Amino acid sequence: MAEFTSKIRTIEWVDTYSKMVDQTKFPEHFEYVKITTGEGMFNAIKTMIVRGAPAIGIAGAHGIVLFAQELEKQNLTKEEFVKKLLEKSDYMASARPTAVNLMWAVEKQKEIIKNSKSDIKTLIEELKTNGKKMEEDDISINKKIGDYGAQVVPKGATILTHCNAGALATVGYGTALGVVRSAFAKDPDIQVFADETRPRQQGARITTLELTMDSIPVTLITDGMCSYFMKKGMIDMVVTGADRIAANGDSANKIGTYTVAIAAKYHNIPFYIAAPLSTIDTSIKSGDEIVIEERSHEEVTHINGKPICAKGVNIINPGFDVTPNELITGIITEKGILRPDYVKSIARAFNG
Ligand code: MRU
């Protein structure tokens, strides 16, 4: 396995609270915040203090422990406690609608809440232990994704990525940037082109920051530039993350990913998605069923609090788009690289 080079731990359970990097402060500040209440965690996910599909899954799991700690103080019967905690869990899962990892992690905690025969105190310990296990699993899964992905990175490649699917979108190491890290450990000549990723600028604010912290060469481009560099032969492959992948391989990721995938297809450049199996939602047949989050208009009308357009102009702000499976060269998972026909390869990954 390639060397683990990321210095970043995005989220971690500590005794009675969740400690996380505050991603709204980038790039000026790299600060940690303590989240001590269930409502605080709901808001941290909603306002994107923590973001990225796997990271918000872990945050959701922590949030349920925080709600459990609060309910413990209300002297409820075990039955009342379970009922209220299951309601709080569903509330936590609704903080953001597109990334299925949040629902997946909440479901894992709900199974414990429903099935545990323990008293309330012990049940809370079981939920904490499960949250900590999810954290450790996330890092080891990302390293596996990284190592499978590194096998398809050409020597000295320039890899284009969109948004941030890095250590800061996970507990550590990253999915798409996990592939970059594993490839870079073997070949220091590889480099990254990062799309700015309007409107929230995760590429500019987060991807360039974390790659720079790990001394991996990165060039920032604005979203409209990718075809220009592809035509010039300056991009060898594209790797992005995903927020939800349907049973047929259609993949939702940050708005603009679909445009990059079309440009890659036109220029004959391989386009990979890197994601854990927990991002695959086998309950939906195609990407048409994925709920796309609509975010605040201010994300489009303003940059750094300053207006950039005429007052009162019409705005639409979908947070994600869906890349159809025929544009995807492979889906890099902890069980290997899934190839078309995705209906078959995804089913095999879950059953094999
Ligand atoms: O809105 P965000 O910043 O949470 O969106 C993040 C992305 O779209 C990532 O690419 C995706 O969650 C994969 S993270 C490994």
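**Figure 1. Leu 177 within helix H6 of the predicted model.** Leu 177 counts as buried, at 0% relative accessibility; buried denotes under 20% relative accessible area, exposed over 50%, and partly exposed in between (1.4 Å probe, protein chains only). This residue lies in helix H6, where helices (H or I, at least four residues) and strands (E, at least two) are DSSP runs numbered from the N terminus. Not counting residues up to four places away in sequence, Leu 177 touches Thr 161, Asn 164, Ala 165, Gly 166, Thr 207, Glu 210 and Leu 211, a contact being heavy atoms within 4.5 Å. Helix H6 (residues 176-186) is mostly covered, with 9 of its 11 residues buried; among them are Gly 178, Arg 181 and Phe 184. Leu 177 and Leu 66, 111 residues apart in sequence, are 30 Å apart in space, C-alpha to C-alpha. The model is predicted: local features need pLDDT of at least 70, side-chain atom pairs count only at pLDDT 80 or more, and totals for chains, interfaces and linings use all residues. Residues are numbered from 1 along each chain as its sequence is written, and side-chain values use heavy atoms, with hydrogens and water left out.

**Figure 2. The largest nonpolar core.** This core has 43 residues, and those with the most contacts inside it are Met 20, Met 41, Ile 45, Val 50, Phe 81, Leu 85 and Leu 127. A nonpolar core is a set of buried Ala, Val, Leu, Ile, Met, Phe, Trp, Tyr and Cys residues joined through side-chain atoms within 4.5 Å. Two or more residues come from each of strand S1 (11-14), helix H1 (38-46), helix H2 (53-72), helix H3 (78-93), helix H4 (100-115) and helix H5 (120-150). H2 gives the most to this core, with 12 residues. Leaving aside neighbours within four places in sequence, Leu 127 is in contact with Ile 64, Val 65, Ala 68, Leu 85, Gln 109, Ile 112 and Ile 113. Another core, of 27 residues, lies apart from it and includes Phe 193, Ile 269, Leu 277 and Ile 280.

**Figure 3. Glu 12 in strand S1.** Glu 12 is found in strand S1 and is partly exposed, with a relative accessible area of 27%. Apart from neighbours within four places in sequence, the contacts of Glu 12 are Tyr 17, Ser 18, Lys 19, His 62, Lys 132 and Glu 135.

**Figure 4. Two cis peptide bonds.** The bond from Phe 26 to Pro 27 is cis, with omega near -5°. Pro 27 lies in the loop between strand S2 (17-21) and strand S3 (32-35). The bond from Pro 340 to Asp 341 is also cis, with omega near 0°. Asp 341 is found in the loop between strand S16 (336-338) and helix H11 (342-351).

Figure 5. Although not a glycine, Thr 197 has a positive phi of about 70°. Thr 197 belongs to the loop between strand S5 (191-195) and helix H7 (202-213), and is buried, with a relative accessible area of 0%. Gln 201, in the loop between S5 and H7, has a positive phi near 60°. At 15% relative accessibility, Gln 201 counts as buried.
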